[in-house]
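Here is a short tour of the strands, the helix beside them and the ligand site, written to be read with the structure open.

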Amino acid sequence: MTRRRKIYEGKAKVLFEGPEPGTLVQYFKDDATAFNNQKRGVITGKGVLNNRISEYLMLKLAEAGIPTHFVRRLNMREQLVKEVDIVPVEVVVRNIAAGSISQRFNIAEGTPLPRSIVEFYYKSDELGDPMVSEEHITAFGWAAPQEIDDILSLALRINDFLSGLFLGVGLKLVDFKLEFGRLYDDNDQVRIVLADEITPDGCRLWDVKTNEKLDKDRFRRDLGGVAEAYQEVARRLGIMPEAGPRDMKGPATVQ
Ligand code: 5GP
């Protein structure tokens with residue numbers, strides 16, 4: 001068996017060359033990091049769950065007319081995606097104050113925001129992902145003005161769709177992070193598509209009734225029950241892996 005060429009290894013995923021030109025294989029690891037790599041751990045089974053959860057959400061979004069890089073899930077930890085040129089900007093959409101916006105403006109966590117707020121962060125581990133404005137993005141050439149317009153409108157449509165989807169399974173979508181990429185078609189036409197992943201690693205999801213956190217904040221804040229929280233999200237979405245948690249060698253968080 002020939003070994004696939006590794007294209008890139010990130011904190012939670014590895015990208016390999018895909019079977020056909022223009023495709024990549026996205027492998028989901030159990031590794032977890034927080035606070036710009038200062039906190040590291042392993043959440044057993046996270047990669048399997050995130051592969052499933054992202055597949056489910058990307059397919060639902062595609063049905064709703066959102067263009068994405070997702071092609072199909074290949075196995076427990078891998079999915080086939082279209083190769084895109086990633087826009088080096090993290091797009092955060094917030095509905096309820098939590099995390100950095102609560103700290104920055106001294107707003108109590110859980111306070112609903114007057115309207116959904118979209119923020120941009122420049123993707124740079126070295127700089128700690130600084131917040132940037134559209135001015136920075138266009139001036140430094142990270143994206144063109146039309147691309148930012150497309151990203152903004154897609155991010156808000158994704159927020160509307162996912163807020164409703166999660167509410168339907170008793171979860172509040174507090175905030176989440178998206179990444180977008182440029183997809184070139186056969187005629188060299190380019191368009192912006194949703195890329196990366198949508199999983200509890202990059203979303204805040206709270207139980208509607210109890211406000212219990214069912215996302216990576218359990219890891220970031222040492223709340224325990226991290227793997228169980230990811231399993232609960234998958235269970236509510238109706239997508240627990242075939243053999244259930246046994247597939248994932250038991251819930252455990254090792255630091
Ligand atoms: P905050 O700015 O409050 O730390 O994060 C806002 C939202 O974006 C949270 O749902 C958080 O999970 C997500 N987020 C922000 N930066 C990152 C990142 O670098 N990686 C991941 N996985 N999620 C992020």
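Strand β2 (residues 13-17) and strand β3 (residues 23-28) run antiparallel to each other and are joined by 5 bridges. To find one of these pairs in this predicted model, start at valine 14, whose bridge partner in β3 is tyrosine 27.

These two strands belong to an open sheet of 5 strands, in the order β1-β2-β3-β7-β6, with antiparallel pairing. At its edges sit β1 (6-9) and β6 (70-73), each of which pairs on one side only. Neighbouring strands here are turned by 25° against each other on average, direction ignored.

What packs on this sheet? Helix α1 (residues 46-63) does, touching β3, β6 and β7 (78-82). The direction of helix α1 makes about 130° with that of β6.

On the β6 side, you can follow a hairpin: β6 and β7 have 4 residues between them. Their antiparallel pairing has 3 bridges, and arginine 72 stands opposite leucine 80 in β7.

Another antiparallel pair is made by strand β4 (residues 31-34) and strand β5 (residues 39-43), with 4 bridges. Here aspartate 31 has valine 42 in β5 as its bridge partner. The hairpin of β4 and β5 also has 4 residues between the strands, and phenylalanine 35 takes a positive phi near 50° in it.

In general, the strands of a sheet pair through backbone hydrogen bonds, in either a parallel or an antiparallel way.

Now for the ligand. Which residues come nearest to it? Of the 16 residues around the ligand, they are Arg94, Ser100, Asp175, Arg204 and Arg220. The shell divides into 5 nonpolar, 3 polar and 8 charged residues.

| Residue | Distance to a ligand oxygen atom |
|---|---|
| Arginine 94 | 2.7 Å |
| Arginine 220 | 2.9 Å |
| Glutamate 90 | 3.3 Å |

How much of the ligand does the protein bury? Taken alone, the ligand exposes 490 Å², and the protein buries 79% of that.

Technical notes:
Residues numbered from 1 in each chain as written. Predicted model: local features only at pLDDT ≥ 70, side-chain atom pairs only at ≥ 80, totals over all residues. Heavy atoms only, no water. Near = heavy atom within 4 Å. Polar contact = N/O pair within 3.5 Å; in protein donor to acceptor, adjacent residues only side chain to side chain. Areas by Shrake-Rupley, 256 points an atom, 1.4 Å probe, with all protein chains shown as cover. Nonpolar A, V, L, I, M, F, W, Y, C, P; charged D, E, K, R; others polar. Pairing = 2+ DSSP bridges. Axes fitted to C-alpha atoms, helices over the stretch in contact; angles between N-to-C directions. Contact = heavy atoms within 4.5 Å.
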